[in-house]
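Work through these exercises with the structure in view. Try each task before you read its solution.

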Amino acid sequence: MPAEDARGHAEPTVRDAVSAPDAEGRPRRVTRRFPLFTKDTARPEGGGRAAAGDAPAPARQWPMLVVLGGVALGLLLTALDVFRVGTLLIGAALLAGAVMRWILPSVGMLAVRSRFTDIVTYGILGLVIVLLGLMAQPNPLLQIPFLKGILHFTLAK
């Protein structure tokens, strides 16, 4: 039977993600598509509180605050013209987020997707940012010879 909202309008009842109401409002499995109206979302694995529920709000989200604090400090250093150190700090903060997502059972709002996807995303972004910081001009700390050849090949007249 359809549920009614506060205005008395009937809403279709959907039991699971692969059912849809028929003409009489009974859920019927007709498609593998998700319902038109989503009522709830699943929390990512590890998305619970990182500290006990009676702890203050910042303590419950300490992994996210560590990553955001590292990124914010890196952005501040970059804005203050300490580009290489700031960029390396941003990349290190993302790599720390990947490590925390891998090791800790609950990381609060640092968990956005599945554990695997979060680790890969934070890890690849952190690694790329660290490599870019190491290769930044002038006086790069890391030189990759074939990149110079690719750049000259793509920009040749």
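**Exercise 1.** How much space lies in the second largest pocket? Then describe its lining.

*Solution.* The model is predicted. Start with the volume: the second largest pocket holds about 240 Å³ of space. Next, find the lining. It has 10 residues, and the closest to the pocket's centre are Gln-137, Gln-143, Ile-144, Leu-147 and Lys-148. Now sort the lining by type: 7 residues are nonpolar, 2 are polar and 1 is charged. Last, look for the main contributor. Helix H5 (residues 145–155) gives the most, with 4 residues.

**Exercise 2.** Check the span of helix H4 against its number of residues.

*Solution.* H4 covers residues 115–135, which is 21 residues.

**Exercise 3.** Which residues of H4 are buried, and why do they line one face of the helix?

*Solution.* List the buried residues: Arg-115, Asp-118, Tyr-122, Gly-123, Gly-126, Val-130 and Gly-133. Look down the axis of H4. These buried residues fall within an arc of 115 degrees, so they line one face. Recall the geometry: an α-helix has 3.6 residues a turn, so residues three or four places apart point the same way. Now find the cover. It includes helix H3 (83–103). Finally, turn to the face away from the buried side of H4, where Phe-116 and Ile-124 are exposed.

Methods. Residues numbered from 1 in each chain as written. Predicted model: local features only at pLDDT ≥ 70, side-chain atom pairs only at ≥ 80, totals over all residues. Heavy atoms only, no water. 1 Å grid on protein atoms, 1.4 Å probe; cavity = no way out; pocket = protein on both sides within 12 Å on 5 of 7 lines; lining within 4 Å. Points joined across faces, edges and corners; volume = space filled by probe spheres on them. Helix = DSSP H or I, 4+ residues; strand = E, 2+ residues; numbered from the N terminus. Nonpolar A, V, L, I, M, F, W, Y, C, P; charged D, E, K, R; others polar. Expected span 1.5 Å × (residues − 1). Buried < 20%, exposed > 50% of the residue type's maximum accessible area, 1.4 Å probe, protein only. Arc of directions from axis to C-beta. Contact = heavy atoms within 4.5 Å.
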